[in-house]
Amino acid sequence: MKKLSNSTTIIISMFLGIIAGILLQDKAAIFAPLGDIFLKLITMLIVPLVFFNIILGAISLGKTKSAGKVGLLTLGYYLFTSCIAVVIGIGAGYIFNPGVGVIVPASLLAKEGAYAGANSGLDFGELLSI
């Protein structure tokens, strides 16, 4: 039997997930921990993977005269784009206010007041003026 490519397997899995969600409806929440674990694993891998690929690409240039310059430019570009990503992420959080209006049931709280800091009244504008 011919082995399926990774992209084909991912697309099939997406459709199976959609079908499972339609058929199971609220009971499909039993799969939520698997999705959470998957997203956390992907998050853990992305930054180091991109960083080391950029570094390895710069190293593969060999010992040319401009290798040091290219390495520093690559590192500077990586840091600059990372800063831009952080600014975009914080700005999107400020604009869209994710989580506002979500009511957390008392049964899900680890202890009373666990989310007390979530609505502390700290504004993004206040952070900029510090």
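Predicted model: local features only at pLDDT ≥ 70, side-chain atom pairs only at ≥ 80, totals over all residues.
Residues are numbered from 1 along each chain as its sequence is written, and side-chain values use heavy atoms, with hydrogens and water left out.

Back to the rings. Searching the whole structure turns up two aromatic pairs. Rings of Phe, Tyr and Trp (its six-membered ring) pair if their centres lie within 6.5 Å; planes under 30 degrees apart are stacked, over 60 edge-to-face, and the rest tilted. Phenylalanine 51 and phenylalanine 52 sit edge-to-face, 5.3 Å centre to centre with 75° between the planes. With tyrosine 78, phenylalanine 51 makes a tilted pair: centres 5.1 Å apart, planes at 55°.

What does that second pair tie together? Parts that are 27 residues apart in sequence, because phenylalanine 51 lies in helix 2 and tyrosine 78 in helix 3. Helices here are DSSP runs (H or I, at least four residues), numbered from the N terminus. Tyrosine 78 is buried, at 13%. Phe51, Phe52 and Tyr78 form one aromatic cluster.

Now the loops. Glutamine 25 isn't a glycine, yet its phi is positive, about 50°. You'll find glutamine 25 between helix 1 (6–24) and helix 2 (32–59), and it's exposed at 60%.

Asparagine 97 also isn't a glycine, and has a positive phi of about 45°. Its loop runs between helix 3 (67–96) and helix 4 (124–128), and asparagine 97 is partly exposed at 41%.

Notes
Helix = DSSP H or I, 4+ residues; strand = E, 2+ residues; numbered from the N terminus. Buried < 20%, exposed > 50% of the residue type's maximum accessible area, 1.4 Å probe, protein only.
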